[in-house]
Amino acid sequence: MKIISYVLLVSTVMMGGGLALAQSQAYSDYTTIDFDDKQCRTIEDDNPIVKQYPSFANYQVNHVAGDNGAQLSVSYGEHGIYVPIMPLGSSLGKKAEWRYRMVGNKRQYHGLIFRTFKMRDEDYINSNFDAPRIEELVVVRLNKEKTCILDILPVGKDVNKKARQLADDMNAICSLEYN
C-alpha cells in the first residue's frame, strides 16, 4: 500500500512539474512592420513620414522615417521607447515577432524581436546605395510602461535562437534605453 501511494505521489509530482514546464514554454505571434503594407496607416505624410501599424496586445508600433533616418516606436498607453534604425538608407524587416507565455487561458506578451538593415554612413555619403546593409535583430522587453531594449544582436549563426532566448529570459537586464 505504501509503495502504491509513493508511486502515485511521484507520478503526480512529475505530471505537475511537466504542466508547470509546459506553462513556461514561450511561443511566437507575428505581425507586419512592412512600411508598404496595406494594414499600415499613414498618420503623418510630411517629413518625417509616420506609419502606424495595427495595435497588438495593447502595444502600438509606429515607423518614423525622415531626413535624419528612421526609428521604430513601441508604446503602451503613454509610455514608450524609440528604437533608432539610423542612418538614412536603413530599413526594417517585414515582420515583428511577439514572444509570449500562456498564463491560464491568456497570452502574456513579454518580448518583441524585429530585424533591421542598417546602411553604413560612408556608403550613404558616397551614394553607394547598393552596398550591403548591416543586418541586426533588436530584442525588446515588453513590460507595459517599463518596456526597454534588451540588446541589438548582429546577425550570425543561431541569432534567431539567441534572440528568442534573450527575449524569454525574464532575468535579462535592459541594456539600452531610448525613451
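How many disulfides does the structure hold?

Modeller: The structure holds one disulfide. The term covers a pair of cysteine sulfur atoms within 2.5 Å. A disulfide is a covalent bond between the sulfur atoms of two cysteines.

First, some ground rules. This is a predicted model, in which local features need pLDDT of at least 70 and side-chain atom pairs count only at pLDDT 80 or more, while totals for chains, interfaces and linings use all residues. Residues are numbered from 1 along each chain as its sequence is written, and side-chain values use heavy atoms, with hydrogens and water left out.

Now the link itself. Cysteine 148 is joined to cysteine 174, with an S to S distance of 1.6 Å. The link of cysteine 148 and cysteine 174 is left-handed, with -50° about the S-S bond. Cysteine 148 lies in strand 10 (residues 148-154) and cysteine 174 in the segment after helix 3 (159-168), so the pair ties together parts that are 26 residues apart in sequence. Helices and strands here are DSSP runs, numbered from the N terminus: helices are H or I with at least four residues, strands are E with at least two.

The two ends differ in cover. Cysteine 148 is buried, at 4% relative accessible area. Cysteine 174 is partly exposed, at 30%. Buried means under 20% relative accessible area, exposed means over 50%, and partly exposed lies in between (1.4 Å probe, protein chains only). Cysteine 40 is buried too, with a relative accessible area of 9%.

The chain has three helices and 10 strands. Along the sequence, the pattern runs α-β-β-β-β-β-β-β-β-α-β-β-α. The chain has 179 residues, and 36% of them count as buried. Contacts (heavy atoms within 4.5 Å) also span the sequence. Of those with a separation of 6 or more, 46% are between residues 24 or more positions apart.

A salt bridge is a side-chain nitrogen of Lys or Arg within 4 Å of a carboxyl oxygen of Asp or Glu. The count comes to seven. One of them pairs aspartate 29 with arginine 107, with the closest N and O atoms 2.6 Å apart. That pair links distant parts of the chain: aspartate 29 sits in strand 1 (residues 26-32) and arginine 107 in strand 8 (residues 106-118), 78 residues apart. Aspartate 29 is buried at 13% relative accessibility. Arginine 107 is partly exposed at 44%.

Lysine 94 and aspartate 34 make another bridge, with 3.7 Å between the closest N and O atoms. Here strand 7 (residues 91-103), which holds lysine 94, is linked to the loop between strand 1 and strand 2 (41-45), which holds aspartate 34; the two residues are 60 residues apart. Lysine 94 is exposed at 58%, whereas aspartate 34 is buried at 17%.

Glutamate 136 and lysine 118 also meet in a salt bridge, at 3.1 Å from N to O. Glutamate 136 is in strand 9 and lysine 118 in strand 8, 18 residues apart. Both glutamate 136 and lysine 118 are buried. Finally, Glu97, Arg99, Arg164 and Asp168 are linked in a network of salt bridges.

Two backbone spots stand out. Most residues other than glycine have a negative phi. Asparagine 58 has a positive phi, near 70°. Its place is the loop between strand 3 (49-52) and strand 4 (60-66), and asparagine 58 is exposed at 60%. Serine 127 also has a positive phi, near 55°. Serine 127 is found in the loop between helix 2 and strand 9 (134-141) and is partly exposed at 49%.

Last, confidence. pLDDT is the predictor's confidence in each residue, from 0 to 100. The chain averages 80, and 83% of the residues score at least 70. Among the elements of the chain, helix 3 has the highest mean pLDDT (96) and helix 1 (residues 2-24) the lowest (39). Over residues 1-23, pLDDT stays under 50, and the model has five contacts beyond four places in sequence for them. Where pLDDT is low, the predicted coordinates should not be read in detail.
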